[in-house]
Amino acid sequence: MTGYYDYVLGLIPLALLGLTGALSLVGFDLTQAVPVAAAVAAGIVGHALFVNGPVSSPAGRTIKPDAPTNAHSNPATPVDAD
């Protein structure tokens with residue numbers, strides 16, 4: 001089943017190659033078409049990261065902290081790293 005991020009991964013090369021080619025055919029120089037297409041691809045990546053960002057757990061579910069190995073230990077007691 002394809003999800004949002006699958007479409008994003010498909011749109012990135014499509015924007016880079018397809019938009020560069022389309023702008024070149026319309027009459028833009030290659031040195032103008034590539035930055036425009038790269039800006040569109042960067043916008044797609046930015047949307048995927050910041051607007052519709054990935055989450056580590058599904059909404060509504062909370063992550064429970066691990067129970068300490070010794071139930072009678074004080075959580076403020078320092079632990080030696082050695």
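Trainee: What should I know about the model before I start?
Mentor: This is a predicted model, where local features need pLDDT of at least 70, side-chain atom pairs count only at pLDDT 80 or more, and totals for chains, interfaces and linings use all residues. Residues are numbered from 1 along each chain as its sequence is written, and side-chain values use heavy atoms, with hydrogens and water left out.

Trainee: How many helices and strands does the protein chain have?
Mentor: The protein chain has two helices and zero strands. Both kinds of element are DSSP runs, numbered from the N terminus: helices are H or I with at least four residues, strands are E with at least two. Helix H1 spans residues 4-26, and helix H2 spans 30-51.

Trainee: Where is the kink in H1 centred?
Mentor: The kink in H1 is centred on Leu14 and comes to about 30°. The bend at a residue is the angle between axes fitted to the seven residues ending there and the seven starting there.

Trainee: Which residues of H1 are buried?
Mentor: Val8, Ala15, Thr20 and Leu23 are buried in H1. Buried means under 20% relative accessible area, exposed means over 50%, and partly exposed is in between, using a 1.4 Å probe and protein chains only. Helix H2 is included in what covers those buried residues of H1.

Trainee: What share of the protein chain is buried?
Mentor: Buried residues make up 11% of its 82 residues. The accessible surface of the chain is about 6,900 Å², and 66% of that belongs to carbon and sulfur atoms. Those areas come from the Shrake-Rupley method with a 1.4 Å probe, and for residues only the protein chains shown count as cover.

Trainee: Which residues are in the largest nonpolar core?
Mentor: That core has five residues: Val8, Ala15, Ala41, Ile44 and Ala48. H1 and H2 are the elements that give two or more residues to this core, and H2 gives the most, with three. A nonpolar core is a set of buried Ala, Val, Leu, Ile, Met, Phe, Trp, Tyr and Cys residues joined through side-chain atoms within 4.5 Å.

Trainee: What is Ala48 in contact with?
Mentor: Ala48 is in contact with Tyr4, Tyr5, Val8, Gly53 and Pro54, if you leave aside neighbours within four places in sequence. Contact means heavy atoms within 4.5 Å.

Trainee: Those two tyrosines, Tyr4 and Tyr5: why is the pair edge-to-face?
Mentor: The structure holds one aromatic pair. The ring centres of Tyr4 and Tyr5 are 5.0 Å apart and the planes are at 80°, so the pair counts as edge-to-face. Rings of Phe, Tyr and Trp (its six-membered ring) pair if their centres lie within 6.5 Å; planes under 30 degrees apart are stacked, over 60 edge-to-face, and the rest tilted.

Trainee: How accessible are Tyr4 and Tyr5?
Mentor: Tyr4 is partly exposed, at 29% relative accessibility, and Tyr5 is partly exposed, at 35%.

Trainee: Back to Leu23. What does Leu23 touch?
Mentor: Leu23 touches Phe28, Ala33 and Val36, not counting residues up to four places away in sequence. Leu23 is buried, with a relative accessible area of 15%. Leu23 and Ala33 are 10 residues apart in sequence and 5.6 Å apart in space, C-alpha to C-alpha.

Trainee: Is Leu30 buried or exposed?
Mentor: Leu30 counts as exposed, at 54% relative accessibility. Leu30 is in helix H2 and touches Thr20, Ser24 and Pro35, again not counting residues up to four places away in sequence.

Trainee: New topic. Which residues does the UniProt annotation "transmembrane region" cover?
Mentor: In the unreviewed UniProt entry, that annotation covers residues 7-28 and 34-55. UniProt positions are in the numbering used here, feature names are shortened, and annotations may be inferred rather than shown by experiment.

Trainee: How much helix is there over residues 7-28 and 34-55?
Mentor: Residues 7-28 are 91% helix and 0% strand, with the end C-alpha atoms 27 Å apart. Residues 34-55 are 82% helix and 0% strand, with the end C-alpha atoms 32 Å apart.
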